[in-house]
Amino acid sequence: MAEKPTKPQAETPSPSLNDSKSTQETNVISNRVLSVVAFIITSGYILLVVLDMFAEAINYDLIPLQTLIYYMAPVLICLAAAYILNALATFQGRSWWNLASCVMYIATIAVYPSLWYLVIIQTLLTFLSFFRMHNREMKEAAQEHIEETQETPLVDTPNKKMEELANQKSSSKE
């Protein structure tokens, strides 16, 4: 029985170095989009809380400003910390800043649970951004590890070269 000859499979062209860099840059930007959106929403929310706090103190005169600040201080501290961590995640592109920011948003919800619906969006966005950025970081680390292991020569390589040279000299003497 004669075997059918198989067609050689065409190799897929490898992407050039410039293509992979531009792809990586767009992936980094798309991973930061969630952080940027959460950052912008948090900016608005902090402004809303501060303006609301002063409006209540000024308009109603029922609540002294010191009492209101004392009541809202934990919320503002948690929001400010989350805002700073979110800014670090956005501008540095590190996933762990997003996770820390998410924890601070959860702390804000725990401190002031009646307005949880205003902070839940940022919490979810930073959590999703953490997972996307962390997966990207892990893939890059794995790729670097693969490249490092492929580029390192074997320990035996110099000995094999010397052995080949010795075999060539001995065969040339004969």
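Among contacts in the chain between residues at least 6 apart in sequence, what percentage join residues at least 24 apart? The figure is 71%. The notes below refer to a predicted model.

1. **Overall make-up.** The chain has five helices and zero strands. Read from the N terminus, the order of elements is α-α-α-α-α. There are 174 residues, and 24% of them count as buried. The accessible surface of the chain is about 13000 Å². Carbon and sulfur atoms account for 65% of that surface.

2. **The largest nonpolar core.** Twelve residues make up this core. They are Tyr45, Val49, Met53, Leu68, Met72, Val75, Leu79, Ala82, Tyr105, Ile109, Tyr112 and Val119. Helices α1, α2 (65-92) and α3 (95-111) are the elements that each give two or more residues to the core. Helix α2 supplies the largest share, with five residues.

3. **Met53, a member of the core.** Met53 belongs to the twelve-residue set. Which residues does Met53 contact, leaving aside neighbours within four places in sequence? Its partners are Leu68, Ile69, Met72 and Leu76. Leu68 and Met72 are also listed in the largest nonpolar core.

4. Thr126 sits in helix α4 (residues 116-151). Is Thr126 buried or exposed? Thr126 counts as buried because its relative accessibility is 0%, and the cut-off for buried is under 20%. Not counting residues up to four places away in sequence, Thr126 touches Ala38, Asn86, Asn98, Ser101, Cys102 and Tyr105.

5. **Aromatic pairs.** Six aromatic pairs turn up in a search of the whole structure. Trp116 and Tyr117 form one that is edge-to-face. Their centres are 6.2 Å apart, with 85° between the planes. Trp116 has a relative accessible area of 45%, so it is partly exposed. Tyr117 is partly exposed too, at 46% relative accessibility.

6. **Phe127 and Phe131.** Why is this pair edge-to-face? The ring planes of Phe127 and Phe131 stand at 85°, and an angle over 60 degrees counts as edge-to-face. The ring centres are 4.9 Å apart. Phe127 and Phe131 are four residues apart in helix α4, so about one helical turn separates them. Phe127 is partly exposed at 35% relative accessibility. Phe131 is partly exposed at 40%.

7. **A ring cluster.** Phe127 and Phe131 also belong to a cluster linked by ring pairs. Trp96 and Phe130 complete the set.

8. **A nonpolar patch on the surface.** Val33, Val37, Ile41 and Ile121 form this patch. Together they have about 280 Å² of accessible area. Which element gives the patch its largest share? Helix α1 (residues 17-60) does, with three residues. Val33 is found in helix α1. At a relative accessible area of 41%, Val33 is partly exposed, so it passes the over 30% cut-off for patch residues.

Notes. Residues numbered from 1 in each chain as written. Predicted model: local features only at pLDDT ≥ 70, side-chain atom pairs only at ≥ 80, totals over all residues. Heavy atoms only, no water. Patch = residues over 30% accessible without salt bridge, like charges linked within 9 Å, V, L, I, M, F, W, Y side chains within 5 Å. Areas by Shrake-Rupley, 256 points an atom, 1.4 Å probe, with all protein chains shown as cover. Salt bridge = Lys/Arg side-chain N within 4 Å of Asp/Glu carboxyl O. Buried < 20%, exposed > 50% of the residue type's maximum accessible area, 1.4 Å probe, protein only. Contact = heavy atoms within 4.5 Å. Phe/Tyr/Trp six-rings, centres within 6.5 Å; stacked < 30°, edge-to-face > 60°. Core = buried A, V, L, I, M, F, W, Y, C linked by side-chain atoms within 4.5 Å.
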